[in-house]
Amino acid sequence: GSLIEQLTTEKYECMVCCEVVRIVAPVWSCQNCYHVFHLNCIKKWARSPASQAEDGNSGWRCPACQNASVQVPKTYTCFCGKVHNPEWNRNEIPHSCGELCGKRRQCLECPHLCNILCHPGPCPSCPAFVTKTCECGQTSHSVRCGQSTKIHCSNVCGNTLNCGKHSCTQVCHAGKCSPCQLTVQQVCYCGSNFKEVLCGSKEEFSDGFGSYSCQNICGKKLNCGRHNCKQVCHPQPCQLCPRLPQVVYRCPCGQTPLSKLLELGCVERKICTDPIPSCGKTCGKPLSCGSYEFVHTCENLCHEGDCRPCSHTSNIYCRCGFKKKVSVTFGDFIFLLFLIAAITFMCDKRCNKKRSCGRHKCNEVCCVDTEHKCSLVCGRKLNCGLHRCEEPCHRGSCQTCWQTSFDELTCYCGESVIYPPVPCGTQPPECKKTCTRPHDCDHPVYHSCHSEEKCPPCTYLTQKWCMGKHEVKQKGMDEFVKYRFRLLNVGDCSPCVTDLLPKKQSVSYFFHQDIKSAPLYTFSEVYVLPPMKSATLFFRIAAISIATKLTDLQLGDSVEISRLITKKEMKQARLQCDEECLAVQRNRRLAEALEIDDNSDPFNIRSSGPKYSDLLKEDARKDIKFVSDIEKEMRMLVEAVNKGKHTKKSHCYPPMNRDHRRIIHELAQVYGIESVSYDNEPKRNVVITAVKGKSICPSNTLTSVLDKEMQSRPAPLLPHYKQTDKSSGNSGLSKPLKEEPVIDYFDVQD
């Protein structure tokens with residue numbers, strides 16, 4: 001009724017498209033849950049990957065009840081399925097044909113068809129009355145056809161039980177009667193034991209000799225009347241006496257027929273108690289001891305009865321076959337102990353094979369395992385970083401953490417939210433709101449909301465005294481720059497820096513007290529000077545702009561910062577020129593006066609040879625062969641690019657340590673070659689690129705310069721060591737000072 005009302009008033013929504021199902025729209029109804037969908041929607045859903053069943057072979061699933069169907073609906077039919085493309089009639093139910101339904105009802109026992117008009121939803125229960133009997137069949141009642149309840153009476157069942165002898169004593173019940181619970185007494189085949197079994201069971205069967213075997217020796221008298229049966233309790237009659245004259249045809253060892261022995265004068269046997277003649281040969285019967293490789297036999301003369309214990313020795317191997325030991329076997333009981341010893345004997349060799357996980361060794365004593373499965377727990381951290389893998393130790397990566405949170409994951413301020421389910425290890429969402437955490441200072445906050453517990457340093461500009469209490473400085477922006485650039489903090493004012501600054505530091509980041517005054521800086525081996533004075537927002541942006549070009553600075557490039565400062569400020573403070581700057585200016589004025597081109601070299605200054613740093617020379621002396629090979633490769637690369645058609649040529653060096661990479665970077669500057677480091681340690685390597693017209697081959701190589709210096713250097717003197725005071729008890733040589741490590745800032749890690 002609810003489906004009919006919603007379809008008629010056009011209030012029923014399709015679960016696939018969430019749109020209202022119109023009266024004239026083609027629809028499809030699920031025969032399991034009776035939900036109604038648009039025909040086109042259900043076609044698209046059936047073809048989508050999300051609708052496929054889990055096993056992949058059962059077809060597609062209904063969006064509502066998940067019932068799997070094989071065939072995809074193609075035509076628009078009424079609810080009872082008789083009419084294709086039913087036309088809408090104002091007086092009939094939408095999407096119905098207006099005729100009797102005629103479908104079978106859900107109750108399997110009902111033989112009547114549905115007798116109402118074509119309708120959505122399940123068919124109602126059958127209204128007809130039928131006569132049904134109770135479970136035991138003794139009484140009958142008139143009930144509705146669709147009633148599924150069973151009828152029970154108060155009479156005793158009385159049906160014959162499975163034994164065929166007794167009747168069921170239960171009150172009228174459903175299903176088969178229970179097996180008979182009465183017990184009967186049974187006797188074994190030999191008649192010496194009794195037991196009780198359920199009536200009608202398979203154990204009750206008897207073949208006339210008994211019902212079961214007690215597994216004891218039979219012990220009945222044989223047909224000879226002198227010997228007893230030695231077989232285990234058996235159903236058939238006992239066999240003939242094995243010693244009867246008509247049964248025995250050979251000697252006890254079985255090698256010689258009795259007919260031949262009679263010819264030799266042996267006495268003929270009359271009854272079973274007469275002795276069996278012996279042939280006099282070695283018995284040779286196989287004993288119960290020995291092994292598969294070597295069978296032990298009886299060494300006594302032909303005899304009656306059991307053979308004597310074996311006197312031979314046997315080799316017992318450990319279960320892995322690595323070691324063996326010798327054991328003496330005596331009789332059946334001792335042989336049983338021999339078998340137990342053979343099973344329990346193990347060597348002390350430990351297995352060195354890897355387990356199935358590939359991480360641990362087997363390490364078992366006298367191992368016979370072929371798979372070597374690892375029984376340890378993996379224990380490695382999962383991708384979430386919070387939980388550990390609880391699976392048995394395995395190869396490859398662990399599975400993703402299966403734990404899931406059903407709580408909302410928010411940022412610190414609660415503005416950004418990730419709704420459940422949230423996989424374990426998910427980071428809090430990114431939030432662009434201003435940070436609301438409590439701060440140590442009461443200055444305005446400029447950074448966004450974050451998940452880290454510690455906030456970044458405050459960037460608000462304040463006034464603070466320098467470390468030497470000489471002058472007041474603007475603080476805040478310099479702290480931000482040092483936070484971004486990770487600068488070396490050596491002081492805040494010029495007088496303090498004079499005392500604290502070392503003579504030379506290998507620091508790649510250069511900030512002058514008046515950084516705005518320098519039009520161009522090349523970041524290399526320079527001094528660390530005090531921070532900037534500017535307190536305006538303009539210079540904060542300037543520092544951030546420099547920070548964005550940190551990668552170029554680390555690679556040894558230059559950054560133009562003259563556009564970030566005003567001309568007035570450039571004139572106020574300029575760097576002090578040294579002797580080299582004065583020489584360059586003097587040469588430039590002289591060239592302008594003589595009208596000499598900048599690209600020409602009339603005084604042969606440039607061809608006089610390149611300048612190699614002292615550090616490079618010192619490194620080259622340690623490994624002269626490596627430097628010679630590098631220079632040879634660079635010369636060949638420069639000559640090839642200058643003579644060839646291509647404008648650029650590159651060469652990739654194999655992975656090497658940081659000192660060798662620094663040598664390549666410095667030599668590349670001399671040759672005018674571009675050099676870049678790639679990959680991470682320990683596979684970090686250098687790639688050099690020669691450019692036509694830019695790369696040159698210097699007249700003097702580094703190796704030739706070192707050779708000339710060695711020839712001009714005077715003979716080396718004996719090293720001078722500081723003599724220690726013998727009276728102090730400390731004798732020996734003074735320890736050399738530890739050299740400060742030099743950082744290669746051309747070799748960029750990030």
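Which residue in β21 is the bridge partner of Ser675? The partner is Ile688, in a predicted model whose local features need pLDDT of at least 70, whose side-chain atom pairs count only at pLDDT 80 or more, and whose totals for chains, interfaces and linings use all residues. Residues are numbered from 1 along each chain as its sequence is written, and side-chain values use heavy atoms, with hydrogens and water left out.

**Confidence and overall composition**

- The mean pLDDT (the predictor's confidence in each residue, from 0 to 100) is 75 for the protein, and 74% of its residues reach 70 or more.
- Confidence is lowest in strand β17 (residues 520–522), with a mean of 35, and highest in strand β2 (residues 36–38), at 93.
- Over residues 477–536 the pLDDT stays under 50, and the model has 142 contacts beyond four places in sequence for this stretch; a contact means heavy atoms within 4.5 Å.
- Residues 604–608 also have a pLDDT below 50, with eight contacts in the model beyond near neighbours in sequence.
- Of the 750 residues in the protein, 32% are buried, where buried means under 20% relative accessible area, exposed over 50%, and partly exposed in between (1.4 Å probe, protein chains only).
- Among contacts with a separation of 6 or more, 38% are between residues 24 or more positions apart.

**The sheet of β19, β21 and β20**

- Three strands, in the order β19-β21-β20, make up an open sheet with antiparallel pairing; two strands pair if DSSP finds at least two bridges between them.
- β19 (648–652) and β20 (674–678) are the edge strands, each pairing on one side only.
- On average, neighbouring strands of this sheet are turned by 20° against each other, direction ignored; axes are lines fitted to C-alpha atoms, for helices over the stretch in contact, and angles run from 0 to 180 degrees between N-to-C directions.
- Helix α12 (residues 624–643) packs on the sheet and touches β19 and β21, its direction making about 155° with that of β19.
- Five bridges connect β20 with strand β21 (residues 685–691) in the antiparallel sense.
- β20 also contains Ser677, which is buried with a relative accessible area of 12%.
- The Ser677 side chain makes a polar contact with the side chain of His665 at 3.0 Å. A polar contact is a pair of N or O atoms within 3.5 Å; within protein, one must be able to donate a hydrogen and the other to accept it, and residues adjacent in sequence count only if both atoms are side-chain atoms.

- Leu616, Lys617, Asp619 and Ala620 are buried in helix α11 (residues 614–622).
- Down the axis of α11, these buried residues fall within an arc of 165°, so they line one face of the helix; the arc is that of the directions from the helix axis to the C-beta atoms.
- Asp614 and Lys622 are exposed on the other side of α11.
- The buried residues of α11 pack against α12, α13 (658–671) and α14 (702–712).
- In α14, the buried residues are Leu702, Thr703, Val705 and Leu706.
- They lie within an arc of 160° seen down the axis of α14, and therefore line one face of that helix.
- Lys708, Gln711 and Ser712 are exposed on the other side of α14.
- The cover over the buried residues of α14 includes α11, α12 and α13.

**Helix α2**

- Helix α2 (residues 39–47) has Leu39, Cys41, Ile42, Trp45 and Ala46 buried.
- These residues cover an arc of only 160° around the axis, which puts them on the same side of α2.
- Asn40, Lys44 and Arg47 are exposed on the other side of α2.
- Elements covering the buried residues of α2 include β1 (27–29), β2 and β3 (60–61).

- Strands β5 (residues 129–133) and β6 (residues 140–144) run antiparallel and are joined by five bridges.
- Phe129 has Arg144 as its bridge partner in β6.
- The hairpin has six residues between the strands, and Gly137 in this hairpin takes a positive phi near 80°.

Notes. Helices (H or I, at least four residues) and strands (E, at least two) are DSSP runs, numbered from the N terminus.
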